[in-house]
Amino acid sequence: MADAAPHHLSHLALDSLPDTGWQGQGTLPLTALPRLAAELHTSSGAVQWALTLSRQPGGDGRPQWWLHVQADGPLQLVCQRCMQPMNWTLHVTQAYRFVPTEAEAEAQDAEAEEDVLAWQPTLDALALLEDEALLALPAFAVHAKGTPGCQPPAQASDAQVPHPFAALAALRKG
Ligand SMILES: [Zn+2]
């Protein structure tokens, strides 16, 4: 197994793959995934990734390239109730199948269980990994009910400071 550097990951040369395929795995610092890091409480930390490119027989008997993507890692989200960090574990497994053209990819993607991608000479697997990680994030991160200290900030003690939602409510009333 090769341990590809982030730079290599963003320029995976599909055109020069051996028939036996390619496997890679490694660790990506969150600083290499800025779009993901922007959604988190902290960008310190890392994600473990694994990619497998393999050829498998297709429906018509001709081999098709598949890509399996995996990413795992402990992340810190921002709780939307108390705005404090919240531990959460990323777990991504996604399969992609390559077809020769964009038109075929579009036609097949809706009905296929896997994602269907058009074949491209070089693949930005780093962006693909980051997209999958972003999709895996919960839409609304919040601590479990009853978590000690998980209360909305800016309560009675900060009465003088207008709460952003209070300001918004005032705007709506006006
Ligand atoms: Zn909370």
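Trainee: What pattern does the chain follow, read along the sequence?

Mentor: The secondary structure of this predicted model comes to five helices and seven strands. Of the 174 residues of the chain, 34% count as buried. Read along the sequence, the pattern is α-β-β-α-β-β-β-α-β-β-α-α.

Trainee: Which residues are the protein donors of the zinc ion, and through which atoms?

Mentor: Along the chain, the donors follow the spacing C-x2-C-x60-H-x6-C. They lie 2.0 to 2.3 Å from the zinc ion, and they are C79 (SG), C82 (SG), H143 (ND1) and C150 (SG).

Trainee: Which arrangement do the four donor atoms around the zinc ion form?

Mentor: For four tetrahedral donors the ideal angle at a metal is 109.5 degrees. To count as tetrahedral, four donors need all angles between 85 and 135 degrees. The four donor atoms around the zinc ion subtend angles of 105 to 115°, so the arrangement is tetrahedral.

Trainee: How many residues apart in sequence are the parts that C79 and C150 tie together?

Mentor: Both C79 and C150 are donors of the zinc ion, and both are buried. C79 lies in the loop between β4 and β5, whereas C150 lies in the loop between α4 (125–136) and α5 (164–173). The pair therefore ties together parts whose separation in sequence is 71 residues.

Trainee: M83 is also found in the loop between β4 and β5. Is M83 buried or partly exposed?

Mentor: The phi angle of M83 is near 65°, a positive value in a residue other than glycine. Buried residues have under 20% relative accessible area, and exposed ones over 50%. Because M83 has a relative accessible area of 40%, the class is partly exposed.

Trainee: Which element gives the most to the lining of the largest pocket?

Mentor: About 220 Å³ of space lies in this pocket, and its lining consists of D60, R62, P63, Q64, W65, F98, V99, P100, E104, Q108 and W119. Three elements each supply at least two lining residues: β4 (63–78), β5 (85–99) and α3 (102–109). With three residues, the element that gives the most is β4.

Trainee: How do the residues of that lining divide by class?

Mentor: The lining of the largest pocket includes W65 and F98 as well as D60 and R62. By class, the residues divide into three charged, two polar and six nonpolar.

Trainee: How many nonpolar residues has the lining of the second largest pocket?

Mentor: The second largest pocket has a volume of about 170 Å³. Its lining is formed by E39, L77, V78, Q80, L137, P138, A139, F140 and A141. One of these residues is charged and one is polar, and the number of nonpolar residues is seven.

Trainee: Which element supplies the largest share of the lining of the largest cavity?

Mentor: The structure holds one cavity of 30 Å³ or more, and about 40 Å³ of space lies in the largest cavity. The lining comprises L28, L33, L36, V47, W49, A71, L129, E130 and A133; β3 (46–57) and α4 are the elements that give two or more residues to it. Eight lining residues are nonpolar, one is charged and none is polar. The largest share, three residues, comes from α4.

Trainee: How far apart in space are D131 and L33, C-alpha to C-alpha?

Mentor: D131 is placed in helix α4 and is partly exposed, with a relative accessible area of 35%. L33 is one of the residues that line the largest cavity. D131 and L33 are 98 residues apart in sequence, and their C-alpha separation is 9.7 Å.

Trainee: What separates the C-alpha atoms of P74 and T89?

Mentor: P74 has its place in strand β4 and counts as exposed, at 64% relative accessibility. Along the chain, P74 and T89 are 15 residues apart, and their C-alpha atoms are separated by 4.4 Å.

Trainee: With the side chain of which residue does the side chain of S10 make a polar contact?

Mentor: S10 is found in the loop between α1 (6–9) and β1 (12–13). Since its relative accessible area is 18%, S10 is buried. At 3.0 Å, its side chain makes a polar contact with the side chain of H11.

Technical notes:
Residues numbered from 1 in each chain as written. Predicted model: local features only at pLDDT ≥ 70, side-chain atom pairs only at ≥ 80, totals over all residues. Heavy atoms only, no water. 1 Å grid on protein atoms, 1.4 Å probe; cavity = no way out; pocket = protein on both sides within 12 Å on 5 of 7 lines; lining within 4 Å. Points joined across faces, edges and corners; volume = space filled by probe spheres on them. Helix = DSSP H or I, 4+ residues; strand = E, 2+ residues; numbered from the N terminus. Nonpolar A, V, L, I, M, F, W, Y, C, P; charged D, E, K, R; others polar. Donors = N, O, S within 2.8 Å, 3.2 Å for Na, K, Ca; no water. Tetrahedral: all angles 85-135°; square planar, octahedral: opposite > 155°, others 65-115°. Buried < 20%, exposed > 50% of the residue type's maximum accessible area, 1.4 Å probe, protein only. Polar contact = N/O pair within 3.5 Å; in protein donor to acceptor, adjacent residues only side chain to side chain.
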